[in-house]
Every structure is written in structure tokens, then in C-alpha cells.
Amino acid sequence: MAGITFAGVTKHFGDGTVAVDNLDLEIRDGEFMIFVGPSGCGKTTALRMVAGLEDPTSGQIVIGDRVVNDLDPVDRDIAMVFQNYALYPHMSVRDNIGFPLRMQKLPKPERAKRIASAADLLGLGELLERKPGALSGGQRQRVAMGRAIVRHPTAFLMDEPLSNLDAKLRVQMRAELVKLHQRLGVTTLYVTHDQTEAMTLGERVAVLNFGVIQQVASPGELYSRPANTFVATFIGSPSMNFLRARVSQGVVEFAAFRFELPAPARDRLADIDGEVLLGLRPEHFFDPRLAAPDAGSHILPVTVELTEQLGSETLLYFRADGVEAEQERGSDVEVELGGALVARLDPRTTAAAGERLVMGVDMERAHYFDPTTGNAI
């Protein structure tokens, strides 16, 4: 096994596009690292440079203790799992899994041993004589994983491997990938645009936008302490609500509302006297008819626009009195301020469009961002 290091890696394409911009990152030996971000953010380009399918314009890529910039893909000792599985339709599962070993000219007994071990690990033992066309999507993905595993590589590279599966299979395969990594312990770089995959699979997650890493952290830290408005918007569904607010002398104000800052925020914002972006996650709201407010909570009069009953929770879209919708640009992302806010509430919550009610808000958990840079304060 081996770690992967990006040292000042930049990739320019011929049309002038900067796909990856001065990427510095160390993926530890045995770590499961996720690259997540919107389409075009540079995550797949970064992975392809590690694989040797793209050449960096500048910087170094190190696998283990070797700089691999000038090595051919076959000499990098990595295994790649693709979005489309890339199985040979005329070959059996056994032959698909064993194909890279045949290319390495391993003796037949060693090939058979490795194929059997991978098939057993992935639950493919009874499918070894079938062709890919006779398999389900999840089974084909396991075959693709098996073909990577038998090589005993120093690192796995996975490019959105679950994106072609239906929702139920994706959940199942996520769990299988976690268990597989726990058993194998091989360094893994996994690329996805799906934040749920990122949050459930990764030991650490790197959030990219326009080729630049916005934040690298554990899933929990990304969610609870986003570095900027882009991360706050991209991580979490529904995404964070934003309001234009003003902080001064231990008080936060927006529209007609004026609240004292809770102690931790008051200390952190002691030097701020002016405008901020106030960020509230949907679960920071509550229905005071069903839940007693905590010490740091406050009440807002609101007008309901829409409710979505999801069984385990209710999403309620509403407008706070005096808060107008507008756009703010920060951290290379347009943030919608005010307008329709969304709350994640107790499933017993019922409200009709147009109904007036009061909404509780837990100010203890609020986030604050610089309106110019978009960075967290």
C-alpha cells in the first residue's frame, strides 16, 4: 500500500481551461479519500492525472515514495474502477476478473487463487461462469471491483462507480464499499458528485470548485464547520439557508428581528461591526408547538409556502416577515438570501400553504460568513 500526494499540481487544457489549480493534498496510506464537487470542478481530472491518463501541466504526483509524472499508467501499480464498469461482454465473470492477471502473465494456479479469493470477498462465487449481460447492475459493479482487487494494487482509483445504479442499489453498494475498505485497507481515491456518497464513504472529504480545494475535512466537520458559503451550500440537503444580517455589540439583526448572540458566537464575532451572512441549516428550525425551545432559541413569525411530508420528517418552506429574496456572490457561488427558507421538522408538523405560524430557530447553532469573501467567520 502507499499514500498519494499532490504537490502544486495544475492542469491547463488547450482551450485555456484551468481544470485543476495548484492542488496540494496528501492522501494517507490506507485512507479512503473522497473528491466531491459539481460537474467541471476538476475532481475527475485530478484522478485521471494520478492514473496517468492525463499529464499535469505543473507540479508533482507521488504514489508511495515515487514521483509518477513520467510513468506510464501500467507502471503506477494502481487499479481503476470506472463509472461504466468496462467489462468485456464476451467473457465470463471469471475471465473478466482474471484478465489483468493474464496480462501480467501470472501462472494459472496463482490466477485461480486470486480470482477465487476476490469472488468470495464480493459474493460472486456462484456467478463466475456467467457473462456480464446476465448480471444485474450491482453484480456487474462487483465484478469490476473484483478485477481491481485481484491485482493487489497499492491504491484504488474510483470514478463515480455507483452513478449508474438505482437508488436502492447505491445504498447497498455504499455499505459494501465501506466493508471492503475495512477488510483490505488499501488507499482509495473516490470521485463523486453525490454528497451523500461523500459523507457516508469518506474518512476525509475534499470539496472542489473550479479546480481549487475549498475544504478538506471529515464528513462531520464539513457539515458542522463549513469553511465558506460554497461548502455550506454544497454539503447538506436541503442546503443551508442564508440571510443578510448585521452584527454589532453582541447583537445580530435581520429584517425586523434582533437577537442577542449566544456566548460562543459573541466571542467569535467580538471584532465584527457590520454586515454578515447568517447561515441556518434546515434542522436549526423547529415547530414550537411540538418542541420546547432551548435557551438559545428564538421565535420568528413566518408564512408557509409549501410542505413536503416525507414520512420520517416534514420539510416546510416558508418566508420570514420582512426578509426579501436577493442574490449574493461569495466564494464563487451565488447564495440565495432570504426568500423561501426551508426547515426540517418533526413529521407530526402540519401546515397549509398561506398559513401564518411561528417558527423556532436555534441561534446557538447558527453560522456566520463574510459577505465579501464567503469565508466562515
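Predicted model: local features only at pLDDT ≥ 70, side-chain atom pairs only at ≥ 80, totals over all residues.
Figure 1. The axes of helix 2 (residues 93-103) and helix 4 cross at roughly 35 degrees and come within 7 Å. The crossing of this pair, helix 2 and helix 4, is right-handed. On the helix 2 side the residues in contact are V93, N96, I97 and P100, and on the helix 4 side they are V143, G146 and R147. Sorted by class, the contact of helix 2 with helix 4 holds 4 nonpolar, 2 polar and 1 charged residues.

**Figure 2. Helix 4 beside helix 5.** Helix 4 covers residues 137-149 and helix 5 covers residues 167-184. Their axes come within 11 Å, with a crossing angle of roughly 20 degrees. Angles under 35 degrees count as roughly parallel, and helix 4 and helix 5 are therefore roughly parallel to each other. Helix 4 passes helix 5 in a right-handed crossing.

**Figure 3. Residues between helix 4 and helix 5.** Helix 4 contributes G138, Q141, R142, M145 and I149 to the contact. Helix 5 meets these residues with L169, Q172, M173, E176, L177, L180 and L184. The contact of helix 4 with helix 5 consists of 7 nonpolar, 3 polar and 2 charged residues. An α-helix has 3.6 residues a turn, so residues three or four places apart point the same way.

**Figure 4. Helix 1 and the residue after it.** Helix 1 spans residues 43-51 and is largely enclosed by the rest of the structure, because 7 of its 9 residues are buried. The buried residues of helix 1 are K43, T45, A46, L47, M49, V50 and A51. G52 follows helix 1 and has a positive phi, near 90 degrees.

Figure 5. Of the 377 residues in the protein chain, 52% are buried. The accessible surface of the chain is about 17,100 Å², and carbon and sulfur atoms account for 48% of that surface. Among contacts in the protein chain with a separation of 6 or more, 70% are between residues 24 or more positions apart.

Methods:
Residues numbered from 1 in each chain as written. Heavy atoms only, no water. Axes fitted to C-alpha atoms, helices over the stretch in contact; angles between N-to-C directions. Helix = DSSP H or I, 4+ residues; strand = E, 2+ residues; numbered from the N terminus. Parallel < 35°, antiparallel > 145°, perpendicular 65-115°, else oblique. Left-handed = near helix turned anticlockwise from the far one by under 90°. Contact = heavy atoms within 4.5 Å. Nonpolar A, V, L, I, M, F, W, Y, C, P; charged D, E, K, R; others polar. Buried < 20%, exposed > 50% of the residue type's maximum accessible area, 1.4 Å probe, protein only. Areas by Shrake-Rupley, 256 points an atom, 1.4 Å probe, with all protein chains shown as cover.
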